[in-house]
Amino acid sequence: MAAFPTLRQMQFFTALVRRRSFSRAADDCFVSQSTLSAGVKEFETILGAPLVDRSARSFALTSLGEEVASRAQEILALTGELVRIAEARPPLTGELRLALIPTIGPFLLPRLMPLLDETYPDLRLFLREELTDTLVAGLRSGRHDMAVLALPIEDEGLDTLIFAEDPFVFVCRPDHPLAGQASVSSAEIGRENLLLLEDGHCLRDHALSACKLQDRQTADAFGATSLFTLAQMVRSGLGSTLLPRLAVEQGLAEGAGLVAVPVRDGEASPSRDLGLAWRHGSGREAEARALAALLA
């Protein structure tokens, strides 16, 4: 009978892939480095091929190792789902690997963490910040249990839940002609030298869509990689921008000496939806609803 890898070996290997270091992976698994190294070696022996390129000067996987890492994460995620269903334990207890996009995480976590500590003291939370495409891939592979992100997304194989609406706010220097207005319209914004995050950030697409703007109405020569950089670019006089109210309420505009003006088109305020996503069939819905109740 053929020998099969154990879940423990896969846990060792995926920890190594995640941490890219035998010593750090061993710490995460609460074993010695020699124990973890031996477990990974046994895993390779059973599969009949090396997974880690030990000839490389820095940590690297073989091509097979890359494929096995993805499959092992899926197997461990499915196993975790089986255990969770069988235990029927209360939501938000034990481990939760939560991923957030960078335009939400820094502004939501200061409010969320104290609430989680108080309401769910038995929760052991592991946080990860990633762009939307990478984050969604992590959900599907089992690398993440749940994610906080802006909706809509390509949600095949995922369940989603909206917990809040996050209106966009026009942000400019105090000497800008629109700074003194009670509100601005999308038409007025369309005539501005608008700075946005670079391609790859979903906030850019959501802002353009919500305010009915085209890419040609933005400052193509400049693209920020974070909202903090974007605020400093506006402060330097390079243009104006759209920020989510979530970030403005955490002092991003005020801290940079900028003015925030609500965006209104008639009675409507262009916005993005904030939501949670998790893998379909993972048994995470109760946890998602409990988390959404804290976030709403």
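I began with the contact between helices H1 and H3 (contact meaning heavy atoms within 4.5 Å), where Gln-9, Met-10, Phe-12, Phe-13 and Leu-16 in H1 meet Thr-35, Leu-36, Gly-39, Val-40, Glu-42, Phe-43 and Ile-46 in H3. By class, this contact of H1 with H3 has eight nonpolar, three polar and one charged residues, with Ala, Val, Leu, Ile, Met, Phe, Trp, Tyr, Cys and Pro counted as nonpolar, Asp, Glu, Lys and Arg as charged, and the others, Gly among them, as polar.

I noted that this is a predicted model, in which local features need pLDDT of at least 70 and side-chain atom pairs count only at pLDDT 80 or more, while totals for chains, interfaces and linings use all residues. Residues are numbered from 1 along each chain as its sequence is written, and side-chain values use heavy atoms, with hydrogens and water left out.

Next I looked up how H1 (residues 7-19) and H3 (residues 33-47) are set, and found an angle of about 110° with their axes 9 Å apart, the axes being lines fitted to C-alpha atoms over the stretch in contact and the angles running from 0 to 180 degrees between N-to-C directions. H1 and H3 are therefore roughly perpendicular to each other (65 to 115 degrees).

I then turned to helix H2 (residues 22-29), whose buried residues (under 20% relative accessible area, with a 1.4 Å probe and protein chains only) are Phe-22, Ala-25, Ala-26 and Cys-29. Seen down the axis of H2, these residues fall within an arc of 100°, so they line one face of the helix, the arc being that of the directions from the helix axis to the C-beta atoms. The buried residues of H2 pack against H1 and H3.

Note on methods
Helix = DSSP H or I, 4+ residues; strand = E, 2+ residues; numbered from the N terminus. Parallel < 35°, antiparallel > 145°, perpendicular 65-115°, else oblique. Buried < 20%, exposed > 50% of the residue type's maximum accessible area, 1.4 Å probe, protein only.
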